Amino acid sequence: MNRPRLNPRKLLLSKWTAIEPSNREKHFIVSRLIEDEAGVVHAVELEAVHSHRLQVLPWRELADIRRWLIGWR
């Protein structure tokens, strides 16, 4: 199940809520876009607001509404 198309260039500093939080980490912010040599975005670095832990995931995973909601809820 996917939401309408996301523009990877506009994800930087966007806020996300995990549907199933783990380690008390529910709210995240996109802290960095990870690009290839041609400038194509392939992944994002998410920072947990609570713990400041960083994780990298393919940016398209944010489109899965079973795992992520846009904004903080």
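**Entry 1: strands E1 and E5.** I looked up how E1 and E5 are joined: three bridges connect them, and the two run antiparallel. Strands here are DSSP runs of type E with at least two residues, numbered from the N terminus. Two strands count as paired if DSSP finds at least two bridges between them. In E5, Trp68 is the residue that Ala18 stands opposite.

I note that this is a predicted model, in which local features need pLDDT of at least 70 and side-chain atom pairs count only at pLDDT 80 or more, while totals for chains, interfaces and linings use all residues. Residues are numbered from 1 along each chain as its sequence is written, and side-chain values use heavy atoms, with hydrogens and water left out.

**Entry 2: the sheet.** I then traced the sheet, which is open and has five strands in the order E4-E3-E2-E1-E5, with antiparallel pairing. Strand E4 (54-58) and E5 are the edge strands, each pairing on one side only. On average, neighbouring strands of this sheet are turned by 35 degrees against each other, direction ignored. For this angle, axes are lines fitted to C-alpha atoms (for helices over the stretch in contact), and angles run from 0 to 180 degrees between N-to-C directions.

**Entry 3: the aromatic pair.** I searched for ring pairs, defined for Phe, Tyr and Trp (its six-membered ring) by centres within 6.5 Å; planes under 30 degrees apart are stacked, over 60 edge-to-face and the rest tilted. By this rule I found one aromatic pair. Phe28 and Trp68 make an edge-to-face pair because their ring centres are 5.4 Å apart and their planes stand at 80 degrees. Phe28 belongs to strand E2 (residues 25-35) and Trp68 to strand E5 (residues 68-70), so the pair ties together parts that are 40 residues apart in sequence.

Are these two residues buried or exposed? Buried means under 20% relative accessible area, exposed over 50%, and partly exposed in between (1.4 Å probe, protein chains only). Phe28 is buried at 4%, and Trp68 is buried at 4%.

**Entry 4: a charge over a ring.** I checked Lys15, whose charged end sits over the ring of Trp72, 4.5 Å from its centre. The rule asks for NZ of Lys or CZ of Arg within 6 Å of the ring centre and within 35 degrees of the ring normal.

**Entry 5: salt bridges.** Side chains of opposite charge can pair when their charged atoms come close. A salt bridge is a side-chain nitrogen of Lys or Arg within 4 Å of a carboxyl oxygen of Asp or Glu. How many does the structure hold? I recorded five salt bridges.

One of them joins Arg9 and Glu35 at 2.6 Å, N to O. Arg9 lies in the segment before strand E1 (15-22) and Glu35 in strand E2, so this pair ties together parts 26 residues apart in sequence. Arg9 is partly exposed at 45%, as is Glu35 at 41%.

Another joins Arg32 and Glu45, with the closest N and O atoms 3.5 Å apart. This pair links strand E2, which holds Arg32, to strand E3 (residues 41-48), which holds Glu45, 13 residues apart. Arg32 is partly exposed at 40%, whereas Glu45 is buried at 14%.

**Entry 6: the nonpolar core.** A nonpolar core is a set of buried Ala, Val, Leu, Ile, Met, Phe, Trp, Tyr and Cys residues joined through side-chain atoms within 4.5 Å. The largest one has 16 residues, and those with the most contacts inside it include Leu11, Trp16, Val30 and Trp68. E1, E2 and E3 are the elements that give two or more residues to this core, and E3 gives the most, with four.
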